[in-house]
4 protein chains.
Amino acid sequence: MAQVDRMRALLDVLIDRTRRMIAGGRERKVLPRPGGAGPERLLDLARALLGERSQSSGVSLAKDILKLYAALNDTGKTAFFDGLARGFGPDPAAIESAWAAYQAAPGPRALAAVTEAAEPPRQELLRRLNQAPGATADLVRLRADLLRLLPDHPDLTPLEQDLTHLLRSWFNRGFLVLRRIDWSSPADLLERIIRYEAVHSITTWAALRDRLQPQDRRCYAFVHPAMPEEPLIFVEVALTTAIPNSIQALLAGQRTELVAGAARVAAFYSISNCQPGLAGVSFGQFLIKQVVEELSAEFPRLETFVTLSPAPGFRRWLEAQAAAGDALAQLALADDAPMDLPETDPRAARRLALAARYFLTARDGRGRPVDPVARFHLGNGARVERLCWMADTSPKGLSQADGLMVNYLYDPATLEANHDAFTREGEIIAGPAIRRALRDGSTSAPRAATA
Amino acid sequence: MAQVDRMRALLDVLIDRTRRMIAGGRERKVLPRPGGAGPERLLDLARALLGERSQSSGVSLAKDILKLYAALNDTGKTAFFDGLARGFGPDPAAIESAWAAYQAAPGPRALAAVTEAAEPPRQELLRRLNQAPGATADLVRLRADLLRLLPDHPDLTPLEQDLTHLLRSWFNRGFLVLRRIDWSSPADLLERIIRYEAVHSITTWAALRDRLQPQDRRCYAFVHPAMPEEPLIFVEVALTTAIPNSIQALLAGQRTELVAGAARVAAFYSISNCQPGLAGVSFGQFLIKQVVEELSAEFPRLETFVTLSPAPGFRRWLEAQAAAGDALAQLALADDAPMDLPETDPRAARRLALAARYFLTARDGRGRPVDPVARFHLGNGARVERLCWMADTSPKGLSQADGLMVNYLYDPATLEANHDAFTREGEIIAGPAIRRALRDGSTSAPRAATA
Amino acid sequence: MAQVDRMRALLDVLIDRTRRMIAGGRERKVLPRPGGAGPERLLDLARALLGERSQSSGVSLAKDILKLYAALNDTGKTAFFDGLARGFGPDPAAIESAWAAYQAAPGPRALAAVTEAAEPPRQELLRRLNQAPGATADLVRLRADLLRLLPDHPDLTPLEQDLTHLLRSWFNRGFLVLRRIDWSSPADLLERIIRYEAVHSITTWAALRDRLQPQDRRCYAFVHPAMPEEPLIFVEVALTTAIPNSIQALLAGQRTELVAGAARVAAFYSISNCQPGLAGVSFGQFLIKQVVEELSAEFPRLETFVTLSPAPGFRRWLEAQAAAGDALAQLALADDAPMDLPETDPRAARRLALAARYFLTARDGRGRPVDPVARFHLGNGARVERLCWMADTSPKGLSQADGLMVNYLYDPATLEANHDAFTREGEIIAGPAIRRALRDGSTSAPRAATA
Amino acid sequence: MAQVDRMRALLDVLIDRTRRMIAGGRERKVLPRPGGAGPERLLDLARALLGERSQSSGVSLAKDILKLYAALNDTGKTAFFDGLARGFGPDPAAIESAWAAYQAAPGPRALAAVTEAAEPPRQELLRRLNQAPGATADLVRLRADLLRLLPDHPDLTPLEQDLTHLLRSWFNRGFLVLRRIDWSSPADLLERIIRYEAVHSITTWAALRDRLQPQDRRCYAFVHPAMPEEPLIFVEVALTTAIPNSIQALLAGQRTELVAGAARVAAFYSISNCQPGLAGVSFGQFLIKQVVEELSAEFPRLETFVTLSPAPGFRRWLEAQAAAGDALAQLALADDAPMDLPETDPRAARRLALAARYFLTARDGRGRPVDPVARFHLGNGARVERLCWMADTSPKGLSQADGLMVNYLYDPATLEANHDAFTREGEIIAGPAIRRALRDGSTSAPRAATA
């Protein structure tokens, strides 16, 4: 706990710092001079910034560029991005000559010269932009813009690659700080949690309190020291006595709070990425791993780390199976399956058997499990443990997965081996219950080829 | 002040965090198994780390590598470095094919493919090493080792380049935090200040207190959030009523303290880089710039920002001039110039005239000012303002510069223009007093060609 | 601002401490054994605590007493209080003998012996109770119980006096810490602000954010280091360009935010005491004084410090006047005065004239102004500056004061003199506008004798 | 540990606050107008402060009084104290009339009226003085002055009683905060530790580091939130594997550090009160108790809590015994007992036997153990466990106790019972070794009657 507490204190201060920086910035904000805000002007400034030999004068140049950028509309941004993607690349002539030199006399140093020639000045430009106060958050927002515009402007890809490269380097695990979030966290931070919760949405402050204040609930986030007011990713945890099989029960407002020390199970029931501009810079695996460590240290009697996860692609897959002629899937879709249908009903059993198939055998075009959440947890070394019938009866839960949810088990003793088996052989490690459901299902109906 | 205070609070917490991490690490430290510590084993682990697809399992691998590395002797380190420099480079075949593709169909995306092919896997390896707790400081130490071994092993250059590249990116100005250091700073931090002071050494805690506790003295450092207990660079400042011309007077233990608000001059009298492993990653310019901002905000009545700086190359240059036949230099060297010689004595005037020449006209082989301190401040946009006669009568001050020191003036209004003139035209901007000294000197004796 | 920031940081940590103490306490909480909880048992323990010579063993005794006390119902509490009020008083025989000794040989030391004999052991008991962790807050709650029960049990007065005496000493201004409250304050603290707001109630988190987040809004509280999670009193401030005359306008959700530095007026529009157990231990005067200092330091261009205050007794007074035969009051009550009636309408003018009379001339049985809010601000040295027509059109505002509000002006230059004139001579210092309203009103209708 | 960490963080901030307050105060310091500084003037101001009805105007009056007081010399201070002791007492007439009323109609409320009449206005005056910023520390210093002057001015006793009364109430255990002190504590705080260490003096910063930095050394202090930069009392602890019997060994600079988790014994080897102005307001018992709790929580495998304490009165008592004709004592004093004399030597055995008698049987005039340190620890419920031969061979150790030291054992299981036996029956609980030494000694020589 001490560790988490210290991180909390650190983060409070860090967030405070940023908040004030922003506040300070706001007061001093000077409107960009009209006429100066066009993308051409920005590209000129970018060239000046790259040419600048004094680092510290670069700071104000960087500030100006980021300010002017923020004022551009999408057309302007696209034009600016386009300029960065076309210009600011490496000099082909320099590469050619370095490569020729290498071929003439190969060796590590000659190869290093090729590397140097091939690095796009764009990267140095982005590094210099980062010198301005608050620039890291600005660059994350800039990448969010870029990712949004990219589908329609595939030529921006080189710029996107350079930005991704830098952000991966800067948001390295070694620089992230774990922060516990609870009911005594700053309100503005909690407001962000409400906004960013992507799995089971939070609609009121009272609902948020129910997830943060009880001693059998936890929430942790990663933040980066350069933008500590912004959670990068967060996970919500319920401390329980048994592996939960219903999100309704977990989120019920009226329930008996468990004395934290009596818990045997830590259930991760929601994990949300917060920054669209950091898509592809993955934190989830590190976060779960560290939270498992924190909780183990604080509650030595915890025995089981498990998730209660959605199955976002199940219904879509089921419909595709039916359309492709799978008889069991067609039967299941024709079933009337009310929310109070007991798990032992043949209609429930049918769906569970199909779900077992969905998790254990269905693959996408690249040979990976169809379910994206399964890919994440299996890739982390968890095993798919159990299917939970009518575990999420919210409209979203019913429409995407007929109310089904899944427990993924994080067993520290087997994480490594599972991870290897999955990443190397594509093997899906599963618990006995779900394997049995697959077996039962296999016998109960003819099975179509896997999609 | 508020800004500085917040940074101080932030840093206290950050430092506390690291301190405990280290303490925690110490208790848990497991000795590497014998036989596993050879450089070959490390290179194997490094390959495994690069091949690892699970990020989080990489963390413990990275931890092991850094621990084993720390236990190597110089021979082992050299062998490990050598393995990294030779292997872990880019794949020439991949570059070749990417380059061929570019030549066949040039364009930004084809060029980006060349960039990608040319990036050495070494860089990714170093980034993965950084995921371990405390790794950033370890990598800085690793680079210090590398720089030490480099002169005898020039083939390690490619590795050094990759490491420099990464550290420049990670120690970007945008990530640094300014920290005020005073007599209420943690003792372990102050112990480091004593150790790192490179200009006017600190011999006792009482001497340290004299530089930190009085209200007319300040000290600021940059730190990085990933190793906040380690100052990267620090500057010591005296608040005075007039531009100081003697380090003895500034450092006198018995002196009348100035009410801080009455100061008109902020004199930077010592600036020390602390991390050999960050040589070449420059912070000085940013630090001075930010400290000027901090002090201006706190003491609006400050009018002058100036240094009291050593002239480390003066005596050596003077002797070279004399050896090269410069009559005035020969005359000066023959002079008996006791420490209490008044500035108006012809012998003092001679030396000052030569010093003016040293600063204003002497150039090194690359056309730059001979004096390294001058290069730093002129490059920052300061102007060389005034020579101070017998300003440093310590043995070091006398032996390297005949007791001479220099004031460089940081005038916010002209920094930018000075910097441009210096970096573009090589023009040395100087104050009237030193220009006069040059002029007087020119007439008083025949002047040899500038070295 | 620095001052406020530091206090904020201090308070964050303090609150954190208490929160955890409570959390820790909760986990360890042992239910009092049944049968042990009666008030008689508590009085026994209290006697043991008083008799205890080892201070540190007293701590656990104190803990037990406070825990058992908290479990009592009102009957039990009354009995416990009664025991404390009857027993635990000074020993009359000891007083008698000390007094006799004094009379025999008067002098300061003999008098001191009387003082000592007259101090009730109850006070020492209460001091010893305070040694338990979290006890200060417990004692404040205990006094709240006592004040609640007192009206029906006047014999508890001696106990109440002793408790008041101690709390006044412990909540001395010198021990209080100012804390700025804003949108980055901990959510649990903000929840308390919502609950404690006594003047213009806050109904949603969004409404709270509107009072805390904009740069032209401020909120400050006093807390005590021994119970820092509990605000004692807080004040809400609007930074404006002119003295506000409508609470509706101030609290409007949709309004243009003012750049804080452009403000000329700081308007205190709500001040709420939070702790019923500290009734009679007054903080308001100190809080306003310190907030004026804080704001002056942060915004040197602020010129005016003023309140926008309710007139809670106006309507009741008006009805009493009418009932007593005051013709103007009768006329006014007969008026139909809709909310959009312009201030210049004779009906408005009538009410304003009566209000001027209410503030400037009406006195209660003890010769003090009738209005309790007026008594507070006048006692602080403020002057009653201006009446605001239809300034609070909430149901509460209309029913208690026909929508009227008042500006009290805090002019640092005259506070002292005003305060003296008011406390010594009972003089009510008033601004020209309200004096004019009184004059106008006096001529417009016959005036009844002041109540 | 978490608890300690939080306290540390809290204290850092608190100390920072005070430091700045002092710094701020220093800059703004206005010299008292000449002629206004006499004690008469102060007494006038004190009367004004008491008469003041506005609390907040009292603040500046209090500030002035404390400032003027600080500028007085001892004559002035004595006169001021004298004025406070003579005037500012309760009004005898009021007591008389309240007492008469009580006698006429006895009852709790009438008694409360006597209490009220008997409280000296002096106490209210002191409470009002405390409203000024930093006043609590000023009042502690004022009491230090008073205690210093008291022996020559016994008539100041009533004032001293009132001040003590208040400080006891304000420095109640419930308000104190435990602070861990280590090598990362602020230098100015450590400077105070060096200055205040009263048992085994610290002569250099390196010696201080040896007591703070190793993981098998701890130091804890109590501070008060109103003067957090000032330790009130601190204790130094060594974590060891066996009960230590030599202070030389504990303080040796060159020694092998123990892994903290391997410790089985926590040895309190120095405890120092820091504030002369708080003499008689005892903290030691609380401090030891809480440190035992902290250490137990952090190191669950600690089994023994013990002191290594001086025997400051032993030599003096021995000489008195000899002078009174005690044969064994005379023999012992005649012995030549060099520092390297083994414990088994008859000369050592003689001294140890006498020491056992000193601790177990010698009583002062009030029937208490002669040794003041023994009184403190026995009063806390510790037992005198063992005598340590030549445990302190410093000049001070040799001269006051012939090199002897003592272990007092703090056994949580028996503290309460021991304490009761000691405070109620005067029984001295002792360990078997020391009882044996007494027995051996009794037989080895005729024993004089206990002093």
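## Burial and packing in a predicted model

Visitor: Is Q290(D) buried or exposed?
Guide: This is a predicted model, and the call is a computed one. The relative accessibility of Q290(D) is 15%. Buried means under 20%. Q290(D) therefore counts as buried.

Visitor: Which helix holds Q290(D)?
Guide: Q290(D) belongs to chain D. The helix spans residues 284-298 of that chain. It is α13.

Visitor: Which residues is Q290(D) in contact with, leaving aside neighbours within four places in sequence?
Guide: Q290(D) sits in helix α13 of chain D. With the neighbours within four places in sequence set aside, the partners are R173(D), L178(D) and F222(D).

Visitor: How many helices and strands are there in chain A?
Guide: Chain A has 451 residues, and 58% of them are buried. Of its contacts between residues at least 6 apart in sequence, 73% join residues at least 24 apart. The element count for chain A is 20 helices and eight strands.

Visitor: How do the axes of helix α5 and helix α6 of chain A run: roughly parallel or roughly antiparallel?
Guide: Helix α5 covers residues 92-104 and helix α6 covers residues 108-118. Their axes come within 8 Å and cross at roughly 170 degrees. Angles over 145 degrees count as roughly antiparallel. So α5(A) and α6(A) are roughly antiparallel.

Visitor: What separates the C-alpha atoms of A110(D) and W99(D)?
Guide: The two residues are eleven apart along the chain. Their C-alpha atoms are separated by 8.1 Å.

Visitor: At what angle do the axes of α4 and α8 of chain D cross?
Guide: Helix α4 runs over residues 74-86 and helix α8 over residues 135-149. The axes come within 11 Å. They cross at roughly 95 degrees. That makes α4(D) and α8(D) roughly perpendicular.

Visitor: How do the residues of the contact of α4(D) with α8(D) divide?
Guide: D74(D), K77(D), T78(D) and F81(D) come from α4(D). L142(D), D145(D), L146(D), R148(D) and L149(D) come from α8(D). The division is four nonpolar, one polar and four charged.

Visitor: Which residues is D145(B) in contact with, leaving aside its neighbours within four places in sequence?
Guide: D145(B) is part of helix α8 (residues 135-149) of chain B. Its relative accessibility is 12%, so D145(B) counts as buried. Once neighbours within four places in sequence are set aside, its contacts are Y69(B), K77(B) and F81(B).

Visitor: Why do the buried residues of α11(A) line one face of the helix?
Guide: Helix α11 of chain A covers residues 205-212, and its buried residues are W205(A), L208(A), R211(A) and L212(A). Seen down the axis of α11(A), they fall within one arc, so they line one face. That arc is 115 degrees.

Visitor: Which helix of chain C is included in what covers the buried residues of α11(A)?
Guide: Chain A supplies α10, β2, β3, α12 and β4 to the cover. Chain C is also included, with residues 205-212. That helix is α11 of chain C.

Visitor: Which residue stands opposite A266(A)?
Guide: β4(A) and β5(A) pair in the parallel sense over four bridges. In β5(A), T304(A) and V306(A) are buried on one side, with F305(A) and T307(A) buried on the other. Opposite A266(A) stands F305(A).

Visitor: What is the phi of F88(B)?
Guide: F88(B) is in the loop between α4 and α5 of chain B. F88(B) is buried, with a relative accessible area of 11%. Most residues other than glycine have a negative phi. F88(B) is not glycine, yet its phi is positive, near 60 degrees.

Visitor: What is the phi of M390(B)?
Guide: M390(B) is placed in the loop between β7 and α18 of chain B. At 10% relative accessibility, M390(B) counts as buried. M390(B) is not a glycine, but its phi is positive, about 50 degrees.

Key: Residues numbered from 1 in each chain as written. Chains lettered and ligands numbered in written order. Predicted model: local features only at pLDDT ≥ 70, side-chain atom pairs only at ≥ 80, totals over all residues. Heavy atoms only, no water. Helix = DSSP H or I, 4+ residues; strand = E, 2+ residues; numbered from the N terminus. Buried < 20%, exposed > 50% of the residue type's maximum accessible area, 1.4 Å probe, protein only. Contact = heavy atoms within 4.5 Å. Arc of directions from axis to C-beta. Axes fitted to C-alpha atoms, helices over the stretch in contact; angles between N-to-C directions. Parallel < 35°, antiparallel > 145°, perpendicular 65-115°, else oblique. Nonpolar A, V, L, I, M, F, W, Y, C, P; charged D, E, K, R; others polar. Pairing = 2+ DSSP bridges.
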